[in-house]
Amino acid sequence: MANDYAITAVHLTLRGRVPGADAATFEALAAKAKTNCPVSKLLKATITLDVALVD
């Protein structure tokens with residue numbers, strides 16, 4: 001169908017302030033959430049994630 005629309009890519013930007021968390025742990029948890037997100041799985045789109053702790 002010529003008029004079909006699709007979401008083919010999503011870019012997520014996550015900034016967080018988490019007392020006691022280091023950058024590696026924060027990034028690992030964000031990546032796990034991205035991988036296991038049911039909406040992400042449903043979209044079947046290319047999803048990129050930019051993660052950083054802020055002071």
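**Close-up views of a predicted model**

**View 1. Asp50 and its salt bridge.** Asp50 is partly exposed, because its relative accessible area is 30%. The model shown here is predicted. Asp50 forms a salt bridge with Arg15. The closest N and O atoms of this pair lie 2.8 Å apart. The bridge links distant parts of the chain, with Asp50 in strand β2 (residues 46-53) and Arg15 in strand β1.

**View 2. Val18 in the loop between β1 and α1.** The loop that holds Val18 runs between β1 (9-16) and α1 (23-36). Is Val18 buried, partly exposed or exposed? Its relative accessibility is 38%, so Val18 counts as partly exposed. Val18 touches Phe26 and Leu53, leaving aside residues up to four places away in sequence. Val54 is 36 residues from Val18 in sequence. In space, the C-alpha atoms of Val18 and Val54 are 8.4 Å apart.

**View 3. A nonpolar surface patch.** Which residues make the nonpolar surface patch? Ile7, Val39 and Leu43 do, and the patch covers about 250 Å². Leu43 sits in helix α2 (residues 38-43). Leu43 counts as partly exposed because its relative accessibility is 33%.

Technical notes
Residues numbered from 1 in each chain as written. Predicted model: local features only at pLDDT ≥ 70, side-chain atom pairs only at ≥ 80, totals over all residues. Heavy atoms only, no water. Patch = residues over 30% accessible without salt bridge, like charges linked within 9 Å, V, L, I, M, F, W, Y side chains within 5 Å. Areas by Shrake-Rupley, 256 points an atom, 1.4 Å probe, with all protein chains shown as cover. Salt bridge = Lys/Arg side-chain N within 4 Å of Asp/Glu carboxyl O. Helix = DSSP H or I, 4+ residues; strand = E, 2+ residues; numbered from the N terminus. Buried < 20%, exposed > 50% of the residue type's maximum accessible area, 1.4 Å probe, protein only. Contact = heavy atoms within 4.5 Å.
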